[in-house]
Structure formats: structure tokens, C-alpha cells
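Please consult the sequence and the structure shown below while reading.

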Amino acid sequence: MTPLPFLILLLSICFCKSDDRLTAAKPLLPGDKLVSNGGVFALGFFSLDNSTANPYVGIWYHNIAERTYVWVANRDNPIGNGLSGNLVLTNTSGLVLSDSKGRILWTTANNVTTGSDGAVALLLDTGNFIVQSPNFTQIWQSFDQPTDTLLPGCKLWANYKTHTTVRIVAWKGSQDPSSGKFSLSGDPSTGFQILVWRETSLYWRNGLWNGATASDKNGYMWSEVVDDGEVIYTTYNMDNNTRRSHMKLDYTGDLLLRIWINQSWLVLFQLPGDGCRHYGSCGPFGYCDSTVSTLKCRCLDGFEPADGFSANFSRGCVRKEALRCHGDQFLTLPGMRVPDKFVYVRNRSFEECTAECDRNCSCTAYAYLNLSSILATGGPSRCLAWTGELVDLEKTGPIGASVYLRLAGSPGTQVNKETLIRSVLGHLSTSQEVWDQNLEFRSIRFEDIATATNNFHDTNILGKGGFGKVYKGTLETGKEVAVKRLSHGSEQGIEHFRNEVVLIAKLQHKNLIRLLGCCIHEDEKLLIYEYLPNKSLDKFIFDSGTTSNSIVLANINSEQKNLNFDIIFQAWNLWADGKARHFVDASVTGSYSLDEVSKCIHVGLLCVQDSSSARPLMSSVVSMLDSEAMPHAIPKQPMYFAQINPETKDAREILEKSVNGASITAIEGR
């Protein structure tokens, strides 16, 4: 005989579980509500005008102060006035919403014809409403039919073979969930980017998808992009699964990423917002400069406004000098969101991509982007090319890509690999960075570097850093060199490459390692330095074995993830106490001005400030070190010693740039 308390316990368990599900015998009626197992989401009938009528069935966040809807079943077919509704799971495993007169307002479709007896409809803690068979096979899910919101784990997909895509459609107004005029989808032609439409016109697009990772205050948010050979989809997730978050296409046309914090929604990014980010705002060959405080349309180098000095950029820009085809050159435009209407050229290396555009007189620009993270099929090619006008460009700064623009050149000028590499180096800096165009570098062949380092053999490794490894090598001339090989596919590596070239080239000094040359070869990015044997430079900087007592703070900015915090601790305390002289090795105190030492420590501490907005640009570092005066900015105690308070502004900036750069990297089109 079953004990009575145990039977009551079983009945109570079954009763509790039924709160998150519908069965064929248990429909949803007005006043009923499903609540997900963890209490995160609720599903039921609702009204937006506080009336007694409840014309819609939808999903919202449960138990938060601000009622926020993430999905509406019958958004364009509400229950009529004076009528009630019910939502039932049929014997054929379909969901049907009908009114009290028996009219069907909304229904699901599925292909299951047998074996579906005992199916249930479940509301999950992810916000996904699913129909599931008794053997746990998923028959239908609301994530496949989003309305205006993408929740973590929801896939935004595009089939580039059938040219179909899932779309999310904004509400018509703040209190009207019916379909509005703005919609968002993946690019049905290539699947490489996201588009926002205003009815039938492109309104905004982001950049090309490459996967993005960014931190919020309590963890990480990342997007994943997957290509299965036919469909490309993107989805995002939060590292902290307890955090409520969503992406929403607002009825104004803006895409928002919001998180629930401190009893309200915090907007981490909102794009395109006001200004020139809207599609084609700056016209052909014009670009929106978002690296300045006020967004502004500008002409690409080699172009001028079509309407002269008019502030109206609708007609864009025109060439200052017509192309000649033969003898044209390519100018590197760094930090750009690439133009729309590109052609994806498969199976091309960087050199082949360059050569193909060079010999095709109709090719106005090309780019070689990091698409490897999303192209699971079709080879490693990352070559994009443009013919005709370039439209919808944006200068985004370091998160952007390099676009190689065709310009008229002097007769007889040839575009070769070495010219190209000098062009790349000459334009690595952003508009805020200083670059001496008279500096020359030697382009060293990748094959020669591989030979010099014995094919990058482990026995040649001198050390490892946050962005790659350093090898000792011997060139054919017998000259010994140190080769820094940046990690493959590292976006941080690209930025590190830029920073290092700009900084080291600018700071040629007898006590700094000299940069001899570089190499860009497909995915390879290498910097070649003079080789300094042990006990040469280090005897001036380090105490031959007690390196923890003296670190070169000028390197902190580019190696933030590999810092020796003991050194920062000592530097901060000595600097704050006005005892910077004690930081210098006794063997060199007579060789350097104590003011210069104090300034170096001062600059180094500025470079490790908690807030990214408080850290100086590389150009500012150069200026401060070159200047006779002490820096005006005063560093704060580094994060190693003080508890970090989350910085909402930083989180928002990082996430906005990640989305814009990745192509939810602010969303772009076709």
C-alpha cells in the first residue's frame, strides 16, 4: 500500500510541472498563464490598453517591474471586441488560437502525421515556446517565428542558395504589436551580413559577419556565426545565463541590445540611431565618419563632393582624376565598414585577389576580410571585389577592415606586392594617429623568413606573448633577426600589428629594438626586428635576472593580458609617493634624467587605466614621450589594487563596436 504522504507528494509534483505546459486535455483560457520552469518567462492572453479585453496571446518576462513582450502569436489578427479566446494543442500536435465564435486567428503548421499522441507544448526558460512529442522530438518552436525580438539562442538565418531568410518585424507603434514598416533579416544573396528594411527600401546594414565577442559588466556576450553549406545563421548568448537580455528591432527602426539591471532596461547599443549611418546617406564614394564625436559625411581620398561645398551629400562624391586602367594604383583605406554590393570571389589568396582587381579595369576596389570563422565550406577565400560605385561606407576605426581603393596613378607606375605592403603600413593608423609617411620599411618574403627560422621550429622560439611567438632567425646575409609571428586569425593580433608598427617606427632610439621590416602573406603577419643577444639591451633595462624590479612600461599598452602585476604594484606605489628614482636600477641611475624616468612611469600607468576612455591613444603616447613637459592627465590607482566597479559606458561602447564591426557588426546589406 502506497503511503498517503508519498502519494500527495507525487500529485503535487505533477501539478507544479503542468504550469509550464499545455496538453490536448488542458487548453489555455483567458486568465490562465504558463510560467517557465525557472520563472523567467510567462505566456498568456494580454492587452496593451489595460482594458478587460485580452486580444493577444504572447510571451513576456515574468516577475519584472516593466512588462516587456518578446513574442506575440496573433499580432496581426487580434481577438475581436467582446469575444474571448482559447489556445489549444490539437490531437495532431498543432497549436490553434480561436475566438469564442470559433474563428481561427492563428495556428502552427507541422509535418507530423503519426506518433504524436501525448505531445505537449512547453514554455522554456529561454523564452522559446515549443511543441514536443513524447519521445522529446521537437515538432515546432516559436524561435522559428520571431516577431520583433531575438532572445539568446534564437537563430537569425539566411539560405543563400534558395535566397530565403527569417525576418523579424518591428511593432507598428509602442502600443501596437501589429507588423510595422521596419524589418530585419540576413542577406538572402550571400548570408554575410544583416539588413534592416524600411518597407521595401534598405534602411541600414551592418558589416560582414565574423563572430564577435564583447564583455558586459558581469560576463561576456558573444555572437556565433555558422555556415552549413547552404544556410548561414547567427545567434548570440550571454555568459551569465541568469541575465535577462534581448535584441529588439524598435518601431523607430533602431536595433537595440538591452539587459535588465537595477530594475530597468539598460541599452548597451542602439543602431543606426541619428546621423549618417543610414543606408547610402553619404552617396556614392562618400563615407560616414563615426570616429568623430559628431557623425559626418566625407569623401574618400581622391574624391570631392559632387555638389561642391554643399552640405548635401545625397549625390555623393566624384573622382578628382579619371582612372587610366593601366598604371592605376590602390590606396589603402583602413578601419572601414566595407561597401555594399560586393562580389565574393572564391578560392583566391590575398596576392591573387590583388592581381585580379588590378588587371580588371572595371574593378574599383577590393578587400580581403576575415571570413574564415563563418565559412565552414567553400574554401578559405576572403576576397571581395567591387565594380562601379562604392556605396554605404563607414569609417569605424580599429574594428574596421582595409579597403583597397583604385585611384589614377602616374603613367608607368606598377602595383606590386612591395608597393602594396608599404601602402598598407602607411595607412595602418587611424585618423587620430600620427604617421610619418617618409619612413621606409623593407618587405621581406615569407619564404625567406621561413627559411631563416627553420620553418618556425620550436627550437628557434625566443619567447611567447599575448598575440603570438617570437623566433630567432638568420637571413641569407648572415644577419640574425627576431621574428614576431602574430597568431593566425586573431583580431587582437591585427590591432597589435597596427599599434606596434606605428609606435616602434615612430620611436627609433638607440635603446629600443629596431624594426627592420615586415611581411604580410595571406593569414601571416610578421614583424622583423634586429636580434639582441643576452646581456646587451637587457643590462641597461633589467637587473640581469631580477626583471620583476624593472619593466619597460611603454610595452604595457600592447601586452595588457600578460602584465607583471608585481611591477605595476611597485611602479604605482613609488610614483604615488614621489619616489620614482627608486624604480630605476642602480647601474643606470646616472645615465638618465629622473624626470624622464618619472614621465615614463607616469605614461605607463596611464596605459593601464581601468577605463578604456582614460587610456591614451598610441599617438598621444608618442607625443607625451617626445614632449619635454610632464603629461597633464593624472593616472588613477590601477584595477589590480582597487575593486572594479562595472562601467556601463565602457560596456556599451565595446558592444556597439563589436556589433557594428561584425556585421550585426552594425547591420548591413547585400
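Are Cys 357 and Cys 363 buried or exposed? Both Cys 357 and Cys 363 are buried, where buried denotes a relative accessible area under 20%, exposed one over 50%, and partly exposed the range in between (1.4 Å probe, protein chains only). The model is predicted, so local features need pLDDT of at least 70 and side-chain atom pairs count only at pLDDT 80 or more, while totals for chains, interfaces and linings use all residues. Residues are numbered from 1 along each chain as its sequence is written, and side-chain values use heavy atoms, with hydrogens and water left out.

**Disulfide count and pairing**

- A disulfide is taken to be a pair of cysteine sulfur atoms within 2.5 Å, and by this rule the count comes to six disulfides.
- With the bonded cysteines of the chain numbered in sequence order, the pairing reads 1-3, 2-4, 5-6, 7-10, 8-12, 9-11.

**Cys 276 and Cys 288**

- The sulfur atoms of Cys 276 and Cys 288 lie 2.0 Å apart and form a disulfide.
- The torsion about the S-S bond of Cys 276 and Cys 288 is about 70°, so this disulfide is right-handed.
- Cys 276 is in the loop between β24 (264-271) and β25 (286-289), and Cys 288 is in strand β25, so the pair ties together parts that are twelve residues apart in sequence; helices (H or I, at least four residues) and strands (E, at least two) are DSSP runs, numbered from the N terminus.
- Cys 276 and Cys 288 are both buried.

**Cys 299 and Cys 317**

- A disulfide is formed by Cys 299 and Cys 317, with their sulfur atoms 2.1 Å apart.
- The link of Cys 299 and Cys 317 is left-handed, with -85° about the S-S bond.
- Distant parts of the chain are linked by this pair: Cys 299 belongs to strand β26 (residues 296-299) and Cys 317 to strand β28 (residues 317-319), 18 residues apart.
- Cys 299 counts as buried at 15% relative accessibility, and Cys 317 is buried with a relative accessible area of 4%.

**Cys 357 and Cys 363**

- Cys 357 is joined to Cys 363 by a disulfide, with an S to S distance of 1.9 Å.
- The torsion about the S-S bond of Cys 357 and Cys 363 is about -95°, so the disulfide is left-handed.

**Further cysteines**

- Cys 154 is buried, at a relative accessible area of 3%.
- Cys 519 takes part in no disulfide, and the nearest cysteine sulfur, that of Cys 518, is 7.3 Å away.
- Cys 519 is buried, with a relative accessible area of 1%.
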